[in-house]
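Morning, everyone. I have one structure to go through today, and I will take it piece by piece.

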Amino acid sequence: MSKYSVIGARVRMIGGTEKVTGDAKYTSDLTLPGMLYGKILRSPHPHAKILNIDTSKAEKMIGVKAVVTGADTIGKKQGIWRRFPELCDEEILCRAKVRYIGDAVAAVAAVDEDTAEEALGLIEVEYETLPAVFDPMEAITEEAPQIHEGVELNINVNRHIEWGNVDEAFTKCDHIREDQFVCSSQAHMCMETHCALASFDYNGKLTVWTSTQSSYYIQVLLMGMLGMREGDIRVINPYTGGGFGSKFELDSAQFCASLLSKKICRPVKIVLTREEEFTATKRRTPMYYFLKLGAKKDGTLLAKEVRVITEGGAYTAMGATALYLTGFFSSFPYKYPNYRYDGYRSYTNTEPTSAMRGFGAPQSTFVGESQLDMMAEDLGIDPIEIRRKNGMTPDYVVPGQAFIQSCGLHQCLDKIEALIKERGKLPPNHGIGIAAYGFMSGGIFNWFDTPYSFSAAIVKINIDGKVDLFTGANEIGQGSNTTLSMICAEELGVKFEDIRIHSADTGICPPDLGGWGSRQTLMSGNAVKMAAADAKRQIMEFAAAKMGVNIVYDLDIKDQWIHLVDRPERGVSYFDVVKEAIRGRDGEVIIGRGHYTPHRKGMISPAYSFGIQAAEVEVDPETGKYKLLNVSTAHDSGQVINQVGIEGQLEGAIMMAGGYGYCEDQPMDKGKILNPSIADYKMIRSLDMPETKILEIDTYEPEGPFGAKEAGEGLTNPTAGAIGNAIYKAVGVRVNTLPITPEKVFRALREKESKQKR
Amino acid sequence: MSYHCPVCKKVSHAPLDLARHMIGRGDKVHRDWIYSKGFKYSELLLLQIKSFGGEGFKALAEVLEKETKVED
């Protein structure tokens with residue numbers, strides 16, 4: 001029997017019923033009296049000077065209420081790396097220069113969307129086009145045009161990680177491989193496009209309802225870009241239809257709606273079109289990977305050297321973090337004694353690249369796990385065995401970077417090995433490939449320079465014992481409201497139904513960095529647990545006096561029953577005690593407070609998930625077409641909080657990561673994305689989904705609430721690598737560029753045949 | 001023994017770490033110092049990008065070892 005009443009149960013998502021019945025109100029559903037509709041004019045050029053913008057005709061159009069350009073801004077550049085001003089490089093409304101097709105140059109507010117759209121056509125922008133560069137390998141040459149003034153070779157950021165003595169270690173290796181890979185881009189494909197409803201009132205206060213992963217970030221970034229005070233801006237996060245890394249930076253909808261509203265003191269709503277979503281937001285970072293791996297004959301990995309050049313697009317965005325994380329996770333989940341990473345992010349005249357679910361780790365996992373299988377084959381070692389020999393274990397220190405406490409990698413290997421054995425001999429042209437991975441449970445880095453704790457929560461106990469939980473954490477469809485309510489209920493000893501959660505409204509909730517980096521279960525969860533414990537302590541103090549026990553620690557609450565720990569039958573009703581406690585405190589409400597910021601936990605994260613995934617494919621050797629038949633995952637996420645939640649995360653991750661491995665891409669012609677519609681952007685749909693299976697692993701993470709750690713992004717990391725390895729097992733060809741389309745498999749098969757003939 | 005960044009005084013324990021810091025920081029003041037020692041920042045970067053072995057760092061580290069060492 002579980003020691004928990006709520007944790008580990010199968011709980012239906014809070015708000016799930018509203019979503020499936022259509023009752024949930026998203027930002028795009030909201031209206032306010034006198035509300036106007038906004039549209040944004042975007043650059044058709046990848047690189048050009050703005051010589052003049054004439055808005056006079058648009059302003060005179062009937063129904064148009066306001067037009068803004070860069071001249072209406074305070075001239076600041078924004079960025080989420082606030083500690084490093086040179087990385088805050090995006091004006092959003094460009095004043096002098098555009099740097100990609102889609103850069104915003106003006107915005108209109110009108111009485112309806114059609115009028116606003118028509119008015120955009122009346123704005124005359126005079127450009128002087130400039131030479132442009134689109135490929136990062138070309139952008140870092142002396143001949144390439146400079147995209148941002150003063151940035152040599154267009155190198156936006158570089159990141160380096162090193163430990164051990166790599167050069168010396170390579171001299172001791174029995175076998176060394178050098179390989180190159182190219183990882184493609186990917187669209188976030190949120191069901192809800194970026195949108196914002198902004199209302200600036202006559203008291204100088206701005207309220208913004210928006211689809212975001214971090215209400216707090218948007219509040220603070222708007223503060224900087226509008227020249228307002230933090231407390232004068234309230235950001236509210238209604239129901240949100242996905243984020244996946246695309247919605248925690250200030251976007252053009254949020255900024256332009258706010259700027260327009262501020263100009264005319266009327267509410268303005270902007271909802272990006274699907275085409276804008278594809279071409280004028282952010283996307284997954286394409287990467288060129290150069291890998292060198294050295295091992296002993298027995299499969300012991302001695303040294304790894306990694307060089308990466310990423311396509312940054314026009315602005316920094318979250319690319320600097322992706323660049324660091326891809327380097328860090330290139331060492332995962334193995335014990336490399338000697339490791340060196342050099343990463344470079346290059347500006348290009350393309351849509352900016354940024355965070356996307358996995359944050360650089362899907363790329364590093366694809367290339368690393370592909371190369372590790374090649375190394376295993378070279379050495380004649382089983383892929384499971386080479387991973388077992390080198391895999392991380394609990395209490396492992398990644399030199400200078402991280403301290404791994406819980407690690408269930410070897411349990412995952414055992415489970416997957418048993419599963420593959422159980423599958424037995426495969427039919428012809430079938431193959432099972434595996435990939436190992438790990439991921440962080442929230443980031444330690446404070447590049448945003450927040451003075452607040454990373455997460456905070458308030459628990460208010462009402463006279464009837466019901467609980468209001470306030471958290472700045474953002475529910476974006478991943479189920480954090482449910483998870484945090486479960487943690488609160490368990491800690492407080494009440495039922496899940498007793499909790500009412502209020503989240504991601506900066507006007508009433510304490511600041512929280514938001515829903516990204518797989519941080520909310522662990523970080524927001526710890527804050528909620530602490531707040532619940534604080535409220536519980538206040539209740540228990542009263543209960544202890546009432547029950548005449550000596551020490552408050554003799555008491556506990558479980559299932560709404562306050563009782564002696566050693567004699568559970570001796571107790572009192574939680575509800576009765578709460579009533580008396582509030583009356584006994586002169587009516588003072590019981591409020592618990594909690595906060596969490598990781599300290600002394602290394603450079604990356606306080607805790608890491610681990611896992612192994614096995615993908616089975618069936619390849620048609622004539623055409624290269626292949627089917628993804630089954631994806632089984634042994635995932636170590638510590639104590640599972642909500643079983644339903646982890647199943648949802650896994651299925652969604654396989655769809656997203658399978659698409660990254662199989663078909664999703666954003667081809668361009670001179671900086672123009674060629675498939676900016678759902679009809680043309682190929683992704684895995686419900687009929688393409690393979691069978692999925694979760695293999696449960698039992699671990700406990702000391703840093704996590706009730707032993708929990710992440711189960712969001714890590715699951716996105718292994719699939720592309722597992723698919724690549726499975727195809728190799730099935731038909732003996734390897735494709736080193738993502739996505740591994742049937743066409744590439746076909747070409748590789750033909751090349752293999754012609755080599756054999758020769 | 002430690003190595004102090006000649007620009008921002010960041011302390012490193014090895015000249016290679018300090019070279020990594022200076023090239024990695026890459027802002028104008030750090031670049032200016034690198035130029036003053038006869039290096040071209042872009043050439044060091046290209047050296048790093050185009051080959052394994054961290055050659056760009058090593059070149060700068062040789063100078064830093066001589067000029068920024070502090071006996072603790």
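Before any percentages, one term: a residue is called buried if 20 or more other C-beta atoms lie within 10 Å of its own C-beta, exposed if 12 or fewer do, and partly exposed in between. Also keep in mind that this is a predicted model.

Start with chain B. Of its 72 residues, 33% count as buried by that rule. Chain B contains four helices and three strands, and along the sequence they come in the order β-β-α-α-α-α-β. The radius of gyration of chain B is 11 Å, close to the 11 Å that the globule rule gives for 72 residues, so chain B is as compact as a globular protein of that length. The C-alpha trace of chain B spans about 35 × 25 × 20 Å along its principal axes. Take the contacts in chain B with a separation of 6 or more: 49% of them join residues 24 or more positions apart.

Next, where the two chains meet.

Now a pair of helices inside chain A. Two packed helices are described by the angle between their axes and the distance between the axes. For helix 13 (residues 480–492) and helix 14 (residues 520–547) of chain A, the axes come within 8 Å and cross at roughly 35°. The crossing of these two helices is right-handed. Residues making the contact include A:Leu484, A:Ile487 and A:Cys488 from helix 13 of chain A, and A:Val528, A:Ala532 and A:Lys536 from helix 14 of chain A. The residues of this helix contact divide into eight nonpolar, six polar and three charged.

Last, a single residue. A:Phe84 sits in the loop between strand 3 (64–69) and strand 4 (97–98) of chain A. A:Phe84 and A:Trp447 are 363 residues apart in sequence, yet their C-alpha atoms are 7.8 Å apart in space.

That is the end of my part.

Key: Residues are numbered from 1 along each chain as its sequence is written. Chains are lettered from A and ligands numbered from 1 in the order in which they are written. This is a predicted model: local features need pLDDT of at least 70, side-chain atom pairs count only at pLDDT 80 or more; totals for chains, interfaces and linings use all residues. Axes are lines fitted to C-alpha atoms, for helices over the stretch in contact, and angles run from 0 to 180 degrees between N-to-C directions. A crossing is left-handed if the near helix is turned anticlockwise from the far one by less than a right angle, and right-handed if clockwise. Two residues are in contact if their C-beta atoms, placed from the backbone, lie within 7 Å. Ala, Val, Leu, Ile, Met, Phe, Trp, Tyr, Cys and Pro count as nonpolar, Asp, Glu, Lys and Arg as charged, and the others, Gly among them, as polar. The radius of gyration is taken over C-alpha atoms; the globule rule is 2.2 Å times the number of residues to the power 0.38.
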